[in-house]
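Dear colleague,

Please find below the structure that I am handing over to you.

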Amino acid sequence: MHARIRFIALLIAAVALTAACGSSGSSGTGGGATSTVASGKACAPVAGDKLVVLKDDKHLQLADNVVPAVNAAAAQANPAVVPALDAVSAKLTTDGLIKLNAAVDVDRKSVTDVASGWVSDNKVTEGLQKGSGSIVVGAAPGSESAILANIYADVLKAAGFDATVQEAGGQREIYLPALESGQLQVFPEYLATVTESLNKTVNGPNATQVATTDAQSTLEAAKPLAAKQNLVFGTPAEAVDQNGFAVTTAFAKKLNVSTLSELAKACSDGSLSLGAGNECPQRPFCQPGLESTYGLKFASFKPFDSGGPLTKAAITQGQVSIGLVFTSDGSLAQ
C-alpha cells in the first residue's frame with residue numbers, strides 16, 4: 001500500500017514538473033513553499049512573503065490624506081488646538097503611518113506607547129502655542145484611528161490641554177454628528193471620504209462628487225461644507241490611507257515594476273489575476289478604474305476581502321498576481 005502511494009506521488013510530481021517547463025517563474029514563501037505559474041503567462045502570480053504597493057502614478061485614487069477634523073466652536077474658543085494638530089500633520093507620512101500600524105498590529109505594542117514614542121521621536125511638541133481646557137479626541141474602532149487619536153491627545157496635552165481619547169462609533173454617521181454637536185472636539189479623519197460624507201449631508205445623497213485626487217483642492221471643496229456642519233479642518237498630512245494595489249516584492253523584482261503604469265506595459269498579454277472584495281469589479285476605484293485609467297487587462301478576478309487578510313494571503317501565496325490593500329497597512333512595513 002505504501003509503495004503504491006509513493007508511486008502515485010512520484011507520478012504527480014513528474015506531471016507537475018513537465019507542466020512547469022517554460023513557465024515564467026516561481027518564488028518561495030517565507031516557509032519555503034513554491035508557486036508554479038502557467039506556461040507563457042508573463043504576469044502570472046509569484047509567491048513571496050513581502051508585499052509592495054505599486055505607485056498610483058496616474059492618480060486613480062481620491063486624496064484620502066489623514067486630516068484633523070475639529071468642532072468649529074471648540075476651535076474658536078481654543079485657538080491653540082488646530083495649530084497643535086497641524087504640527088502632527090507636518091510630520092506624518094504614509095511610511096510613518098505604516099510603521100505605526102506595524103508596531104501595534106504586527107509587533108503587538110500598546111497603542112499608547114506607540115503614539116507617545118512617535119510624538120517624542122518626531123519632536124512634534126516643540127514650540128507649540130499654549131492653550132487650556134478639556135478636549136475629547138474621538139477614535140473609531142481599529143488600531144490606526146486609535147493611534148492617531150492618541151497622538152493628537154499627546155500633542156494637545158503638551159500644548160496645555162486636558163486631552164482624553166474616547167472611542168466613538170465605528171460608523172461615520174454616528175461619530176460625525178457627535179463631533180458636529182461638540183460631544184467630541186477632535187477626530188482623525190480621511191480627507192476625501194469625509195468630504196464626500198459632508199457633501200451628501202449638505203447637498204443630498206446624489207450630490208456631484210467634489211473630492212478629487214489632489215489634497216489641496218479637496219480641502220478647499222471641504223471647507224464650506226464643513227462650515228455648514230459646525231466643523232473645521234486642519235492641514236492634511238502627507239500620510240494617506242486609501243486603496244492600493246500590491247504585488248509581492250518577488251513579482252515586482254521579476255518584472256522590474258514599481259508603478260501601475262509600468263505594470264500595464266509589462267502585462268499587456270492580459271495574464272494578470274486580481275484579488276479583492278466582491279464589489280471590486282463594479283467599483284470605479286477598483287477593477288474598472290484600473291482598466292480605464294491604466295489600460296490593465298485581467299485574465300481573472302478572485303473574490304476575497306477588501307484590503308483584508310484573505311486578499312493579502314492570496315497575493316503572498318501566489319493565488320493572484322495583484323490585490324487590493326490599504327496603503328497604510330502595517331503588513332507593508334519593510
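Threonine 218 counts as buried, at 0% relative accessibility; buried means under 20% relative accessible area, exposed over 50%, and partly exposed in between, with a 1.4 Å probe and protein chains only. This threonine 218 lies in helix H9, residues 215-228. Helices (H or I, at least four residues) and strands (E, at least two) are DSSP runs, numbered from the N terminus. Leaving aside neighbours within four places in sequence, threonine 218 is in contact with Ala63, Leu191, Ala192, Thr195, Ala211 and Thr212, where contact means heavy atoms within 4.5 Å.

Two remarks on the source are needed. This is a predicted model, in which local features need pLDDT of at least 70 and side-chain atom pairs count only at pLDDT 80 or more, while totals for chains, interfaces and linings use all residues. Residues are numbered from 1 along each chain as its sequence is written, and side-chain values use heavy atoms, with hydrogens and water left out.

**The chain as a whole**

The protein chain has 13 helices and ten strands. Of its 334 residues, 49% count as buried. Among contacts in the chain with a separation of 6 or more, 74% are accounted for by residues 24 or more positions apart.

Helix H6 covers residues 143-158, and its 16 residues should span 22 Å at 1.5 Å a residue; the end C-alpha atoms are 22 Å apart, which agrees. The expected span is 1.5 Å times one less than the number of residues in the helix. Because twelve of the 16 residues of H6 are buried, this helix is largely enclosed by the rest of the structure. Among the buried residues are Glu144, Ile147, Leu148, Tyr152 and Leu156. Just after H6, glycine 160 takes a positive phi of about 105°.

In soluble globular proteins, nonpolar side chains tend to be buried together. The largest nonpolar core here has 39 residues, and those with the most contacts inside it are Val66, Leu156 and Val186. A nonpolar core is a set of buried Ala, Val, Leu, Ile, Met, Phe, Trp, Tyr and Cys residues joined through side-chain atoms within 4.5 Å. The elements that give two or more residues to this core include strand S2 (66-71), helix H3 (81-91) and strand S5 (186-190). The largest share of this core, eight residues, comes from H6. Apart from it lies another core, of 25 residues, among them Leu255, Leu263, Ala264 and Cys267.

Not counting residues up to four places away in sequence, valine 66 touches residues including Leu92, Leu97, Leu148, Tyr152 and Tyr190.

Alanine 246 is placed in strand S7 and is buried, with a relative accessible area of 0%. Residues up to four places away in sequence aside, alanine 246 touches Leu51, Val52, Val53, Ile315, Ser321, Ile322, Gly323 and Val325. The C-alpha atoms of alanine 246 and threonine 316 are separated by 9.9 Å, although these residues are 70 residues apart along the chain.

**Two residues with positive phi**

Arginine 108 has a phi near 65°, a positive value in a residue other than glycine. This arginine 108 is found in the loop between helix H4 (94-105) and helix H5 (111-121), and at 66% relative accessibility it counts as exposed. Lysine 123, also not a glycine, has a positive phi of about 50° and is found in the loop between H5 and strand S3 (134-139).

**Pockets**

On a 1 Å grid over the protein atoms alone, a pocket is an open set of points where a 1.4 Å probe fits, with protein on both sides within 12 Å along at least five of seven lines; lining residues have an atom within 4 Å of a point. Grid points are joined across faces, edges and corners, and a volume is the space filled by probe spheres set on the points.

About 1200 Å³ of space lies in the largest pocket. Its lining has 40 residues, of which Asp64, Thr193, Asp241, Asn243 and Phe326 lie nearest the centre. H8 gives the most to this lining, with four residues.

The second largest pocket has a volume of about 580 Å³. Of its 28 lining residues, Val53, Thr94, Val240, Gln242 and Thr327 lie nearest the centre. S1 gives the most to the lining of this second pocket, with four residues.

Yours sincerely
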